[in-house]
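Subject: Structure for you to look at

Dear colleague,

I am handing over the structure we spoke about, and my notes on it follow below. Please keep it open while you read.

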Amino acid sequence: MPTFQTVATAALFAAFVTPCLAAEVGVHQIVIEASEHGRDLVATVWYPADAGGQPTVVGDSRVFKGEPAFLDAPAARGRYPLVVLSHGSGSRVQAMGWLATALAKAGFVVAGPNHPGTTSGYSLPAETPKVWQRTQDLSRVIDKLTTDPQWQSVVDPDKVGVAGFSLGGATAMEIAGARAKLEAYASYCDSYTKWDCAWFASGVGYLNDARVTVDKVDLRSIDKDLFEQSNLDRRVKTAVLIDPGLAPAYDEQSLKEIAIPMAFINLGNPDVIPTAVLADRLASLTPQGTYAAIKDANHFSFLPECKEGSAALLKSVGEFDPICDDAGNRSRADIHAEATRLVLEALQRTLKGRS
């Protein structure tokens, strides 16, 4: 789970589809206030919409191309399956806008929060392993969209799915019923010095878009009961897991007990997919697991398309991760098209009952 964490990157984060079921894609922001059950959340909702609303571009920045939508457009008549999204560490849900837009065009309501403590500009190593907080965030988004009068007539509460990328993939794993073992995760990081493990040992974090010095994370000091608890939300009927984090740490028995379809997708050729997110074994252990790998891609390929000159811009401000580079000769747009097809196939099969 790379963390895309420089100050510059934090400041800069600000195809194939099935036939459209609605005239437009609407977008709306919801605020879920803190309660005894969770922290303040800001979530973005994409949905099938009728004409109207203010034209906007979601996720546009100096680096990334955004996706057009219509702010607060009226929802198209009908009830639609809900897909909750969980973004990767150090990113934002808006960076998944290319996928959310395609899903909304295909007749899904899509919603995801920016997870406090692991989002762009506010990302701390000590918060990263607390996946139980992230699953709670998703459950609260489901609560909101299935009970709020504004959305009750739009969302079908019996058809809820989840899609997550990287640390968001781990979040999707756990809300579907997977449980991770703390010692297995700590032991993995004892010998693995890249990706999430490097982040825990970095001694830096990001707060209010500024780089700050923080304590290094001792994984064995994390609350074991919370880390290993079940975060299952039985309202979730299907899951799509793209490069899911914590891959070496899941309890095998918990995977064998997962009762819903699990579509695993890795980014990259099989021989180069990092151990941190390699998912073929996870798919084989889940009773309804499927597996696909997108060739000539890498972990960064799931980020939005980069604007011309973005790679040079990132390097000039101190970001040396190849955020705008993909593994082969394919364009990122082409990789996104394949990823969108795989995600849509899984969600249409499991939430709409068709291939």
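A residue counts as buried when its relative accessible area is under 20%. Please bear in mind that this is a predicted model. By that cut-off, strand E9 (residues 155-165) is mostly covered, with eight of its eleven residues buried. E9 pairs with strand E5 (residues 80-86) in the parallel sense over six bridges, and leucine 85 stands opposite alanine 163 in E9. E9 also pairs with strand E12 (residues 236-242), again in the parallel sense and over six bridges, where valine 160 is placed opposite valine 236 in E12.

Turning to the helices, H3 (residues 131-147) packs against H5 (residues 167-175) at an angle of about 70°, their axes being 9 Å apart, and the two are therefore roughly perpendicular to each other. The residues of this contact divide into five nonpolar, four polar and two charged; among them are Leu138 in H3 and Ile175 in H5.

As for aromatic rings, the count comes to eight pairs. Tyrosine 47 and tryptophan 151 form an edge-to-face pair, 5.3 Å centre to centre with 75° between the planes, and this pair links strand E2 (residues 41-49) with helix H4 (residues 149-152), the two residues being 104 residues apart. Both tyrosine 47 and tryptophan 151 are buried. The rings of tyrosine 185 and phenylalanine 200 have their centres 6.1 Å apart and their planes at 85°, so this pair is edge-to-face; these two residues are buried. Ring pairs also link Tyr185, Tyr188, Tyr192, Phe200 and Phe227 into a cluster.

With best wishes

Methods: Residues are numbered from 1 along each chain as its sequence is written. This is a predicted model: local features need pLDDT of at least 70, side-chain atom pairs count only at pLDDT 80 or more; totals for chains, interfaces and linings use all residues. Side-chain values use heavy atoms; hydrogens and water are left out. Axes are lines fitted to C-alpha atoms, for helices over the stretch in contact, and angles run from 0 to 180 degrees between N-to-C directions. Helices (H or I, at least four residues) and strands (E, at least two) are DSSP runs, numbered from the N terminus. Angles under 35 degrees count as roughly parallel, over 145 as roughly antiparallel, 65 to 115 as roughly perpendicular and the rest as oblique. Contact means heavy atoms within 4.5 Å. Ala, Val, Leu, Ile, Met, Phe, Trp, Tyr, Cys and Pro count as nonpolar, Asp, Glu, Lys and Arg as charged, and the others, Gly among them, as polar. Buried means under 20% relative accessible area, exposed over 50%, partly exposed in between (1.4 Å probe, protein chains only). Two strands pair if DSSP finds at least two bridges between them. Rings of Phe, Tyr and Trp (its six-membered ring) pair if their centres lie within 6.5 Å; planes under 30 degrees apart count as stacked, over 60 as edge-to-face and the rest as tilted.
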